[in-house]
Amino acid sequence: MDFELMINSFPKLLNATLITLKLLSVSLILGLFIGLGFAILRMNNNNLINKFAYGYSYIFRGTPLLVQIFIIYFGLGQIEYLRTTFLWAVLKEPYWCAIIAFSLNTGAYTSEILRSAFQTIKPGYLEAGRSLGIPSKIIFTKIQIPIAIKQSLPAYGNEIILMLKGTSLASTVTLMDLTGVAKYIISTTFKPVEVFIVAGGIYLFMTFIIHNVIKYLEKKYGFQT
Amino acid sequence: MELLYFGDKGWGDELFFATLMTIAVSITAMIIGFIFAALFTPLKLSNNKFLNSIGNAYTTVIRGVPELLVIYLFFFGGSGAIMFVASIFGYNDYIEINAFLTGSFSIGIISGAYSTEVFRGALQSIDKGQFEAAKVLGFNKYIYFFKIILPQMLRLAIPNLSNVWQITLKDTSLISVTGLVEIMRQSYIAAGSTRDPLFFYSFAAVLYLLLTFLSMQLLNRLEIKYSKGY
């Protein structure tokens, strides 16, 4: 055990954790909007829209995240037309490519979580709302969405942890996130165990925090149906 | 389309063998995962606090740390660890473990953590009366476990195991970083030499979709078979 290396690499890894957290938070926020949008499309009665939303989530859940990042980072740059548009400013940055891939990926999972949450809302609540003469838009925003959020909290907590682990793939497109820096230190010092303990410890600490925050929220907004 | 021709002209045969490699790694990893699950599930259910904490540590650490980090640990540390063990026995030459074994082993450890959770959940949701009845009837240990508990556990575990299979299958794409030529690595090579990454990575996505789709069909059939009688 090389404790000196462990102590020396700790600040470097902690610094890289900031990038991991940035990637995680931005893609979770974007993914939540994408997921909500597709969950609403999934519940549409139009068969075509419904199928489209299903196809989106099927494709993104059925392929590895690594493939998705590679298609966006290496693949899209190949389309000549894209290079001439303003999109190129975004797509040439590995940071934004990673964020796009992560958001689309977590959006697919989130849409499934939200859809099942919406579908398990007891019809009695909606009927009660309707019979009180509340407009359907307000039923959606004030009754359906809050209930769905409460019901999807445990599953969404899992998704946040999966996404935290997913951000490690950013290191494959040259981003120096926690895993990227860990790999760099491993390949220069050839001390994989020490670096793994430190980097893994940081990841475990983050998972621990997320787990407990979600548990606290579940208790606070706990909803018995 | 000629990029996919078999033979020297295209990448069809290479991608075909890469797909077989992905399947082989996934199955090997899944089996290694089962071995780990068989070892750690009893620990997680044990009443002994020490054994229990070992089981919990395994599932918590593996499920809380990115897969890529675990793979790097075994990729860079694997041969070192084996060489260290070998040096105890007096063998001092350089040992290189092949990428297939490192890959399947690291993915296997990850999939094992998920399988452990699945088996634990399944065992815990079997009715207590079944354990008691089997004991009261005086069955020996073999019949007790293999004929009474295991079939009931499998029925409960199969739907979740098919999720674990999906995760494992997708995780194998990560071992392309170690240089094992599976779908992802082959696409990377093909994309590099033809300068057509969009086509090859999209094709890789199609291959993965096909694999997940086909395996789901098979697993659903298995699920129906094992849920017979309920």
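Which hand does the crossing of α1(A) and α2(A) have? The crossing is left-handed. This is a predicted model.

**Helix pair α1(A) and α2(A)**
- Helix α1 of chain A spans residues 3-42, and helix α2 of chain A spans residues 47-62.
- Their axes come within 8 Å and cross at roughly 135 degrees.
- Angles over 145 degrees would count as roughly antiparallel, and 65 to 115 as roughly perpendicular; α1(A) and α2(A) are therefore oblique to each other.
- From α1(A), the contact draws on F38(A), L41(A) and R42(A).
- They meet I49(A), N50(A), F52(A), A53(A), Y54(A), Y56(A) and S57(A) in α2(A).
- By class, the residues of this contact are seven nonpolar, two polar and one charged.

**Chain A against chain B**
- Contacts join 32 residues of chain A to 27 residues of chain B.
- On the chain A side, α2, α3 (65-75), α9 (178-189) and α10 (192-220) each supply at least two residues.
- α10(A) gives the largest share of that side, eight residues.
- The side of chain A that touches chain B holds 19 nonpolar, eleven polar and two charged residues.

**Largest nonpolar core**
- The largest nonpolar core has 102 residues.
- I69(A) and A204(B) touch the most other members.
- Helix α6 of chain A (residues 94-119) contributes the largest share of this core, eleven residues.
- Leaving aside residues up to four places away in sequence, I69(A) touches C97(A), A98(A), A101(A), L169(A), T172(A) and V173(A).

Methods. Residues are numbered from 1 along each chain as its sequence is written. Chains are lettered from A and ligands numbered from 1 in the order in which they are written. This is a predicted model: local features need pLDDT of at least 70, side-chain atom pairs count only at pLDDT 80 or more; totals for chains, interfaces and linings use all residues. Axes are lines fitted to C-alpha atoms, for helices over the stretch in contact, and angles run from 0 to 180 degrees between N-to-C directions. Helices (H or I, at least four residues) and strands (E, at least two) are DSSP runs, numbered from the N terminus. Angles under 35 degrees count as roughly parallel, over 145 as roughly antiparallel, 65 to 115 as roughly perpendicular and the rest as oblique. A crossing is left-handed if the near helix is turned anticlockwise from the far one by less than a right angle, and right-handed if clockwise. Two residues are in contact if their C-beta atoms, placed from the backbone, lie within 7 Å. Ala, Val, Leu, Ile, Met, Phe, Trp, Tyr, Cys and Pro count as nonpolar, Asp, Glu, Lys and Arg as charged, and the others, Gly among them, as polar. A nonpolar core is a set of buried Ala, Val, Leu, Ile, Met, Phe, Trp, Tyr and Cys residues joined through C-beta atoms within 7 Å. A residue is buried if 20 or more other C-beta atoms lie within 10 Å of its own, exposed if 12 or fewer, and partly exposed in between; C-beta atoms are placed from the backbone.
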